[in-house]
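Thanks for coming. Please have a look at the sequence and the model on the screen, and then I will walk through a few parts.

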Amino acid sequence: MNHPDPTPPNEPSSGENFIPLRHRQLIQYLVDWLVGDSEEQSERLHQLFHSLVSIFHIEHLANLVQVEDLYESLDPDHDEFPEASTEEISVRAEKLFDRLVGVLYSAHYHKLDQNELNDAVTLGSSWGVKLNVNFEIFDSLMVFARGYRVVQRKRRRWSNFFRLEEVQFPEFHRLVIGFRLKPTAKVDATMRSDVVYLKMFKNIPESELEILLPGSTVQLSLVNRTRILIPSLSGFALAVYKITRGAMLITVFTLSAFYHWLLFGVLLAFYLGRGVLSYLQTKDRYQFGLTRNLYLKNLDNNMGVIYRLFNEAEEQEVCETILVYCVLLNEQKRLNENEMAERSIQLLKKFTDLVVTFDLHDALGKLSRFGLANVDSKGEWDAVPLNDASAVLANYWTRQFGKKNPLQRIKKIFEQQQGKAE
């Protein structure tokens, strides 16, 4: 699979290009690092960052309102479903997926394509329980992950004489799955084809990704099949031998042979039934173990996933914007993007003990839009001085939201975005 190479053991990494801090934590770290004990400068920075957070919150809230409206008629948890044609449902679902993909990228998730999904299924087949996954049941399917990292796991293999061994294993810190089923899909009868299912999980090994997809069926390994079949077949063969021998002797000496052969058939059916039952019970035990595992790793479903994603996207955009602004503010000269990336990574390592990267270009675009950073013809950037930054951001606030309550502006932003989407 195509993922960032894990950093060496002496360089711990979050494994992805996202900042693993809440914006309040990062703001406090940056203020302490940038101004130290200066209460006046600290207050100015806090006011500036508070304004930035408010702007991001209002803009994300406007987007959230639109996505809520799109998902309302596609939410499996909604009490009432308005009648709609298959074509209308498909159009709504397509718009919803388009909007969610944008939010997922803002939250720094990356999409797993079909080749990566196939690789994950193949990897899962080499570990533990095997499952058959039918991708043909999906009308739409998206799988996004964040925080790809390598963890230590233990296992026993017959080829290693069942000795305990420790191996490195890939794991997703966060995993989001969205799908819509085809009307002809043969899955659980309670699942609908006119809705969109959204699921979010934490700490999912790459080998267990197929477990999360509907329509997956347990395929027992050869060892487990042998454990079921050998006792059943041996018992069945022994019973057949004894009953047949007795029935043949009785056939010679008595006229009631018919009833004994009937008894033979009943016992034969009993042993066959017990073997089948043992097989089904073993599969149920596996299924129960998988279900219990997913229960502990499930973070949210459906509309709850949307709220979480918008919150994560907002947190990431706030964090990366204030981080880059502080890096520029701390310098006495202009910086190009490579220099800013290097300083940002070093600063985050100081705060988190992790080697973390993020979307620097996106952060610079936001600073430029707010008027808090400028770039020259050489592609080098500098920050607007702190004494002027609050006034610059206030002008942006006035242009976007006016002097009235910004919540009144949300409706206008929503209407503008809805017009563009249509």
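Start with Leu 328. Leaving aside neighbours within four places in sequence, Leu 328 is in contact with Leu 335, Met 340, Leu 364, Leu 367, Ala 373, Trp 381, Asp 382 and Ala 383. Contact here means heavy atoms within 4.5 Å.

A word on the source. This is a predicted model, where local features need pLDDT of at least 70 and side-chain atom pairs count only at pLDDT 80 or more, while totals for chains, interfaces and linings use all residues. Residues are numbered from 1 along each chain as its sequence is written, and side-chain values use heavy atoms, with hydrogens and water left out.

Which residues touch the most other members of the largest nonpolar core? They are Leu 26, Phe 49, Leu 323, Val 324, Tyr 325 and Leu 328, in a core of 46 residues. A nonpolar core is a set of buried Ala, Val, Leu, Ile, Met, Phe, Trp, Tyr and Cys residues joined through side-chain atoms within 4.5 Å. Buried means under 20% relative accessible area, exposed means over 50%, and partly exposed is in between, using a 1.4 Å probe and protein chains only. At least two core residues come from each of α1 (23-35), α2 (39-72), α7 (303-330), α8 (337-352), α9 (360-370), β9 (381-383) and α10 (386-401). Helices (H or I, at least four residues) and strands (E, at least two) are DSSP runs, numbered from the N terminus. The largest share, 9 residues, is from α7. Another core lies apart from this one and has 26 residues, including Val 67, Ala 93, Leu 198 and Met 303.

Now α7 and α8 as a pair. Their axes come within 10 Å and cross at roughly 110 degrees. The axes are lines fitted to C-alpha atoms, for helices over the stretch in contact, and angles run from 0 to 180 degrees between N-to-C directions. That makes α7 roughly perpendicular to α8. For the labels, under 35 degrees is roughly parallel, over 145 roughly antiparallel, 65 to 115 roughly perpendicular, and the rest oblique. On the α7 side, Leu 323, Val 324, Val 327 and Leu 328 meet Met 340, Arg 343, Ser 344, Leu 347 and Leu 348 of α8.

Next, Leu 348, in helix α8. Is Leu 348 buried or exposed? It counts as buried, at 1% relative accessibility. Beyond four places in sequence, its contacts are Ile 19, Leu 26, Leu 323, Asp 353, Leu 354, Val 356 and Phe 358. Tyr 29 is 319 residues away from Leu 348 along the chain, yet their C-alpha atoms are separated by 9.7 Å.

One of those contacts, Asp 353, sits in the loop between α8 and α9. Its phi is positive, near 60 degrees, and it is not a glycine. Most residues other than glycine have a negative phi. Asp 353 is exposed, with a relative accessible area of 54%. His 108 also has a positive phi, of about 65 degrees, and lies in the loop between α3 (86-106) and β1 (110-111). His 108 counts as buried, at 5% relative accessibility.

Last, the whole chain. There are 11 helices and 9 strands, and 41% of the 422 residues count as buried. The mean pLDDT is 78, and 66% of residues reach 70 or more; pLDDT is the predictor's confidence in each residue, from 0 to 100. Over residues 1-15 the pLDDT is below 50, and this stretch has 31 contacts in the model beyond near neighbours in sequence.
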